[in-house]
Amino acid sequence: MKTALYIILALIGFVLISFFILGKKSQSGSAPGLVGGQLAACSSKPNCVSSEAGTPDKKSVAPIEGASLDQVAAAITAAGGQITTSTSDYISATFTSSIFKFVDDFEARLDGDKIHIRSASRVGYSDRGVNRARVEAIRAAISK
């Protein structure tokens, strides 16, 4: 019984240390930026959503319409994000989780009368729907 408890505690410790290391790893790097005038495509991992054409249905979100990049920037900041790049037609920001300090990138690109958006985790495989929820929260904040 005592041995089983030690094994369980060791496994829990290993998992916690692994998450801490991944969190540290995610703190380096930056948003992918524009690729050929569009937001970068999502990887094969399910931790990204995008409104760019060609995005698979499971990762697709609608672009933001009827808003300005200034409104998007204000919504990002209000949601706890930090703007890292801001130009007349592009914004990138980071969101950091509270426990293990995982960093997610949020990007927005002005395309005529709509704003394309992309939100993705820098590390890991799944995001448990966090990026999709973030996009919808920013959309809701703008439409108020």
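Predicted model: local features only at pLDDT ≥ 70, side-chain atom pairs only at ≥ 80, totals over all residues.
**Entry 1: D104 and R134**

I started with D104, which forms a salt bridge with R134. I read 3.2 Å between the closest N and O atoms of this pair. D104 sits in strand β7, residues 103–111, and R134 in helix α3, residues 130–142, so the bridge ties together parts that are 30 residues apart in sequence.

**Entry 2: R122 and D105**

Next I moved to D105, whose partner in a salt bridge is R122. Here the closest N and O atoms are 2.9 Å apart. R122 lies in the loop between β8 (114–121) and α3, while D105 belongs to strand β7, so I noted a link between distant parts of the chain, 17 residues apart. I then looked up the cover on each partner. D105 has 4% relative accessibility and counts as buried.

My next stop was R109, which meets D111 in a salt bridge with 3.7 Å from N to O. R109 is buried at 8% relative accessibility, whereas D111, at 31%, is partly exposed. Which residues are linked with R109 and D111 in a network of salt bridges? I found E52 in that network, together with R109 and D111. For the whole structure I wrote down 6 salt bridges.

**Entry 3: T94 and its contacts**

I then turned to T94 in strand β6, residues 90–96. T94 is buried, with a relative accessible area of 12%. What is T94 in contact with, leaving aside its neighbours within four places in sequence? My list reads G81, Q82, T84, V103, D104, D105 and R122. Some of these names were already in my notebook: D104 from the bridge to R134, and D105 and R122 from the bridge they form with each other.

**Entry 4: F95 and F106**

Time for the aromatic rings. I count 1 aromatic pair in this structure. F95 and F106 form this pair, with 6.3 Å from centre to centre and 70° between the planes. The pair is edge-to-face, because planes over 60 degrees apart are given that name. F95 lies in strand β6 and F106 in strand β7, so the pair ties together parts that are 11 residues apart in sequence. I checked the cover here as well: F95 is buried at 6% relative accessibility, and F106 is buried with a relative accessible area of 0%.

**Entry 5: C42 and C48**

On to the cysteines. I found 1 disulfide in the structure, and C42 and C48 are the residues it joins, with 2.1 Å from S to S. Which hand does the link of C42 and C48 have? The angle about the S-S bond is -60°, and the link is left-handed. C42 and C48 are both buried.

I looked up Y6 by itself: Y6 is in helix α1, residues 2–26. With a relative accessible area of 52%, Y6 is exposed, since exposed means over 50%.

**Entry 6: The chain as a whole**

I count 3 helices and 8 strands, and along the sequence they follow the pattern α-β-β-β-β-α-β-β-β-β-α. The C-alpha atoms fill a box of roughly 65 × 30 × 25 Å along the principal axes. Of the 144 residues, 36% count as buried. The chain exposes about 8500 Å², with carbon and sulfur atoms supplying 61% of that area. How many of the contacts between residues at least 6 apart in sequence join residues at least 24 apart? I get 55%. The bridge that opened this notebook, between D104 and R134, joins parts 30 residues apart.

Key. Residues numbered from 1 in each chain as written. Heavy atoms only, no water. Salt bridge = Lys/Arg side-chain N within 4 Å of Asp/Glu carboxyl O. Helix = DSSP H or I, 4+ residues; strand = E, 2+ residues; numbered from the N terminus. Buried < 20%, exposed > 50% of the residue type's maximum accessible area, 1.4 Å probe, protein only. Contact = heavy atoms within 4.5 Å. Disulfide = S-S within 2.5 Å. Phe/Tyr/Trp six-rings, centres within 6.5 Å; stacked < 30°, edge-to-face > 60°. Areas by Shrake-Rupley, 256 points an atom, 1.4 Å probe, with all protein chains shown as cover.
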